[in-house]
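Hi,

Here is the structure I said I would pass on. Have a look at it first, and my notes on what turned up follow below.

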Amino acid sequence: MDAGGKIKRPSFGRAGPMQLENFQTLGLPESLHRKTGLFPRLLQAIDPVADIDDGWGSFFDMRFGAHTLDRLATSAAFQVMNKVRVRFAPSPTGFFHIGSARTALFNWLYARARGGVFILRIEDTDRTRNTSEALRVLFDGMRWLGLDWDEGPEAGGGAGPYFQSQRDDFYRDYREKLVAADRAYEKEGALFFRISGEPQVIEDAIRGRVERTEEKDFVIFRSDGSPVFHFVNVVDDIAMGITHVIRGEDHLSNTSKHTELFKAFGVEPPTFAHIPLILKQNGPGKMSKRDEGALIEDYQRRGFLPEAVVNYLCLLGWSPKDDREKMPIEEIIRIFDLPGINRNNARFDERKMRFLNAAYLQEIAPDRYLELARAALDATNEDSAADPRYREEVFLLCREKIRAIDELPGFTGYFFTEDFPIEEKAARKILGKGEPITRLRQFLAAIGDGVDFSDEVALEAIITGLAGTHGVSTGEFIHPIRLAVSGTNVGPGLYGLLRVLGRDRVVARIERFLAAHG
RNA sequence: GCCCCCAUCGUCUAGCGGCUAGGACGUAGGAUUCUCAUUCCUAAAACCGGGGUUCGAUUCCCCGUGGGGGUGCCA
């Protein structure tokens, strides 16, 4: 301990195991160090960057009987003592930006990882646009991603109201405190905050120590009487008992204003964690609303799977450190922590998100997939007249080919019309070698005597039988058949394709093809 | 201009003094003798530069450079 009666914060490194010397710095019995595998988790469960004051001594003096430290870290009593309260505080703009979504996600993850409380607070001061519509976009997006909030609009909670537009009483009270303490003064109609001018040191959970000195007094109430962001943000965080402020790095430079305010109110600032920004896919700068792929509702509309979007967003600035990428959210919650977040900005890459989406898409329940597929095709109206059962067969068949639902319409065209084009390039490639016309005739002849088209195995047997009989590869049959029935050389496996199209379509299409090309 | 943050393949990342610098997306070949946008294998592909510290730096420090952010009576 130093003269101030406080133990200096030990340097744990970033989520690494705790060193013996740090251990000793905390004044803990050396024997406990043998449980070193448990300590990092315990310490992180408490707070990776909190000031270690003498509360620690008494904490460790408490006896938890036979409880291991591991159990202690997750015990109900411990959780209550150290309840994490985080908030996501968006301004309803009518869009749900992907960067905002990730900020919400990291807050939510942290709350869930610590058994804490996730609060949604709406920063709707000086709003003029259609707020209810903007709120709907936000709530829909949050719920779609699975980011449920414990306190906030439509959820209640004891620290409300959760709309800044309804918190004028708080702002007035806190304003009075500053005026009474001579920390605020009026000038040109606006109310200015009188800074201390002291260097503001923040121990960022991600970046470590950051020091910045605020140099000018700043406005906290406009001349029209309305409070500005810095003020309401801090007041609400105090009033709502926020313990950890997890937000974008674009706020890092503002944090010195905020710590000035916290201190002016006599409140110890919360732990800050400034997460890196998401940069646009192409070109310089952070992603903005105008950029391609910037909006959550866009992915929702295009039929992306929320678990894939969430998984991808987790990987943008955070990693499990062990090469895993596709992970269930429960597992991410289990190992998520603040120091594990990167410090550098990350460029958004829709291709990788698409890759993850494909992986999830192949494993979701058929009913869920079909629902998404129907919605996507309803938009094109291409298949409106088709039999519902047939539609489902088509969608299921094409699932393996697509990475996201928005690619589905590109695969289904020829299933729903007899007037599909024969791709010139594919035709040239396939008709140019072997004896495709002969093979088609042989195939027609072979299926003439009652092959069961609902049986892919039987269909395969026909083709392999024909290939064997005529001494050619199965491809000699497969490629021309695919071309004749679909007009292209790419698509689902042939036997499934034939099964779904059914005998009537297949025969008619091949005959028509022969008439045109034979 | 001033202030703050950051820096490993094209992209997302692992690495916390000694490694053939690992994985993933994407890309290029090949395989699965059915295409392919699936799967599998292989390949190309990175430590921004310069000084230190050290027996030894991708790793620690400093300076550049580059990128990002802030600097509103926006949030």
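Before the details, one term: buried means under 20% relative accessible area, exposed means over 50%, and partly exposed is what lies in between (1.4 Å probe, protein chains only). Asp406 is an example of the middle class: its relative accessible area is 30%, so Asp406 counts as partly exposed.

Some housekeeping. This is a predicted model, where local features need pLDDT of at least 70 and side-chain atom pairs count only at pLDDT 80 or more, while totals for chains, interfaces and linings use all residues. Residues are numbered from 1 along each chain as its sequence is written, chains are lettered from A and ligands numbered from 1 in the order in which they are written, and side-chain values use heavy atoms, with hydrogens and water left out.

Now the overall picture. Chain A has 22 helices and eleven strands; helices (H or I, at least four residues) and strands (E, at least two) are DSSP runs, numbered from the N terminus. Of its 518 residues, 50% count as buried. The accessible surface of chain A is about 24,400 Å², with 49% of it belonging to carbon and sulfur atoms (Shrake-Rupley method, 1.4 Å probe; for residues, only the protein chains shown count as cover). Contact here means heavy atoms within 4.5 Å. Among contacts in chain A between residues at least 6 apart in sequence, 72% join residues at least 24 apart.

Back to Asp406, which sits in the loop between H16 and H17. What does Asp406 touch, leaving aside its neighbours within four places in sequence? The contacts are Arg302, Phe304 and Arg354.

You'll find Ile341 in the loop between helix H13 (329-335) and strand E11 (346-347), and Ile341 is buried, because its relative accessible area is 0%. Ile341 and Arg207 are 134 residues apart in sequence, yet 9.3 Å apart in space, C-alpha to C-alpha.

Two helices are worth a look:

- H7 covers residues 131-145, and its 15 residues reach 21 Å from first C-alpha to last, close to the 21 Å expected at 1.5 Å a residue (the expected span is 1.5 Å times one less than the number of residues). Its buried residues include Leu135, Phe139, Met142 and Trp144. Among the elements that cover them are strand E1 (85-88), helix H6 (98-114) and helix H12 (306-315). Just after H7, Gly146 takes a positive phi of about 85 degrees.
- H18 (residues 424-431) has Ala426, Ala427 and Ile430 buried. They cover an arc of only 100 degrees around the axis, so they lie on the same side of H18 (the arc is that of the directions from the helix axis to the C-beta atoms). The buried residues of H18 pack against helix H19 (436-446) and helix H21 (475-486), while the face turned away carries the exposed residues Glu424, Lys425, Arg428 and Lys429.

Thr103 is in helix H6, and Thr103 is buried at a relative accessible area of 13%. Beyond its neighbours within four places in sequence, Thr103 is in contact with Phe88, Ile246, Arg247, Gly248 and Ile275.

On to the rings. Rings of Phe, Tyr and Trp (its six-membered ring) pair if their centres lie within 6.5 Å; planes under 30 degrees apart count as stacked, over 60 as edge-to-face and the rest as tilted. The whole structure has 16 aromatic pairs. Tyr185 and Phe192 are stacked, because their ring centres are 5.8 Å apart and their planes at 15 degrees. Tyr390 and Phe416 are edge-to-face, at 5.9 Å centre to centre and 85 degrees between the planes. Tyr390 lies in helix H16 (residues 388-398) and Phe416 in the loop between helix H17 (409-412) and H18, so this pair ties together parts that are 26 residues apart in sequence. Tyr171, Tyr174, Phe221, Phe231 and Phe265 form one aromatic cluster.

Cheers
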